[in-house]
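Reader: I am new to this structure. Can you walk me through how to read it?
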Amino acid sequence: MSKLAGKVAVVTGASKGIGAAIAKSLAAQGASVVVNYASSKAGADDVVAAITAAGGKAVAVAGDVSKAADAKGIVDAAVETYGRLDILVNNSGVYGFSPIEEITEEHFHKHFNVNVLGLLLVTQAAVKHLGEGGSIVNVSSVVSRITPPGSAVYTATKGAVDGITGVLAKELGPRKIRVNSVNPGMVATEGTHSAGFIGSDLETWAVSTTPLGRIGQPDDIAEVVTFLASDEARWLTGESLIASGGAR
Ligand SMILES: NC(=O)c1ccc[n+]([C@@H]2O[C@H](COP(=O)([O-])OP(=O)(O)OC[C@H]3O[C@@H](n4cnc5c(N)ncnc54)[C@H](OP(=O)(O)O)[C@@H]3O)[C@@H](O)[C@H]2O)c1
C-alpha cells in the first residue's frame, strides 16, 4: 500500500540532486508534490515529467527560499493546487568550502541566507497549513558531527539546522507536527560534481572513512526522508538521522 496516499508535499530545491530524488520517492508513495526550483526550470520540469509518467502528481514552482514572498508562494502553490499541505522537506542548500583566512561576508551570507533563513521562511509559511500528523524533514549534513577542516561556514549552517530541528520539534509537538532532520554524508549529485568533490581527494577521504565503503547516491537519502515523512515514523520527532554509510 502507498505510504503517502492522499498527502501533499513541498520539496524545496527539487530540480536536481537529493531534492529531485526525494520528490520522486514521495510521489512514488502516493504524495502529490510541489517541485521547487530556484534557477533550473528545465530540471524541475524533468522531475515533474518523470513523476507524471510514473502515474504520480507533481507541479514545478519557482522560488528563492531566502525571500519571504517566494517562500510563501512555494507553500501557497501546494494549497492552491492540491488543497492542503502535509509534508515539508527543506532540502534547498548551497555549499562551498573556504579556509578561515578566505571567509568573506558574501560567503557567510550566501550560505546562511539559503541554508538557514530559507529553511525558516519556508517553514514559517508551511506551519500555517500543516495540521495534526504533519511532518517537516530538514536536510542537514553529517558535517555538523565530523566538522571537516575548511567548512566553518557551511558546517555552521548545518549545526543551525540541527538546532532548529530540535527547537521546532518542541514548538510544534503540541500540534502533533513532527520535525526531524536527515544528515547525509557525501552524495553524488550535480552540486558535488560541479563543486569538484567527485573524483577528488575529498571523495577518496570520504570513501576511506565510510564503513560501507562508498559515497551515497540520492536515492539512499530519499528513502530515509520518505520514511520520516510517513506515519511509520509517527513516534520520531527532534531526531537527526545520520545517513552516511556509517561515516561520523
Ligand atoms: N551532496 C552532498 O554530498 C550533500 C551532503 C550532505 C548534505 N547535503 C545537503 O543536501 C541538500 C541538497 O544537496 P545537493 O547535493 O542535492 O545539491 P545540488 O545538486 O546543488 O542541488 C541544490 C538544489 O537546491 C536548490 N537551491 C539552491 N539555492 C536555492 C534557493 N535560494 N532557493 C530555492 N532552491 C535553491 C537548487 O535549485 P536550482 O538548481 O533551481 O538553482 C537545487 O535544486 C543541501 O541542503 C545540501 O547541503 C548534500
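Author: Start with a term. A polar contact is a pair of N or O atoms within 3.5 Å. Keep in mind that this is a predicted model.

Reader: How far is an oxygen atom of the ligand from a polar backbone atom of isoleucine 18?

Author: The distance is 2.8 Å. At valine 65, a backbone N or O atom sits 3.0 Å from a nitrogen atom of the ligand. The ligand taken alone exposes 910 Å², and the protein buries 92% of that.

Reader: How many residues surround the ligand?

Author: There are 32. The closest are Ser39, Ser40, Tyr95, Tyr154 and Thr189. By type, the shell holds twelve nonpolar, 16 polar and four charged residues.

Reader: Which helices and strands each supply at least two residues of that shell?

Author: Four elements do: helix H1 (17-28), strand E2 (32-37), helix H6 (152-172) and helix H7 (190-194). H7 gives the largest share, three residues.

Reader: At what angle do the axes of H4 and H6 cross?

Author: The angle is roughly 15°, and the axes come within 9 Å. Here H4 covers residues 105-126. Angles under 35 degrees count as roughly parallel. H4 is therefore roughly parallel to H6.

Reader: Is the crossing of H4 and H6 left-handed or right-handed?

Author: The crossing of these two helices, H4 and H6, is right-handed.

Methods
Residues are numbered from 1 along each chain as its sequence is written. This is a predicted model: local features need pLDDT of at least 70, side-chain atom pairs count only at pLDDT 80 or more; totals for chains, interfaces and linings use all residues. Side-chain values use heavy atoms; hydrogens and water are left out. A residue is near a molecule or strand if one of its heavy atoms lies within 4 Å of it. A polar contact is a pair of N or O atoms within 3.5 Å; within protein, one must be able to donate a hydrogen and the other to accept it, and residues adjacent in sequence count only if both atoms are side-chain atoms. Accessible areas come from the Shrake-Rupley method with a 1.4 Å probe; for residues, only the protein chains shown count as cover. Ala, Val, Leu, Ile, Met, Phe, Trp, Tyr, Cys and Pro count as nonpolar, Asp, Glu, Lys and Arg as charged, and the others, Gly among them, as polar. Axes are lines fitted to C-alpha atoms, for helices over the stretch in contact, and angles run from 0 to 180 degrees between N-to-C directions. Angles under 35 degrees count as roughly parallel, over 145 as roughly antiparallel, 65 to 115 as roughly perpendicular and the rest as oblique. A crossing is left-handed if the near helix is turned anticlockwise from the far one by less than a right angle, and right-handed if clockwise.
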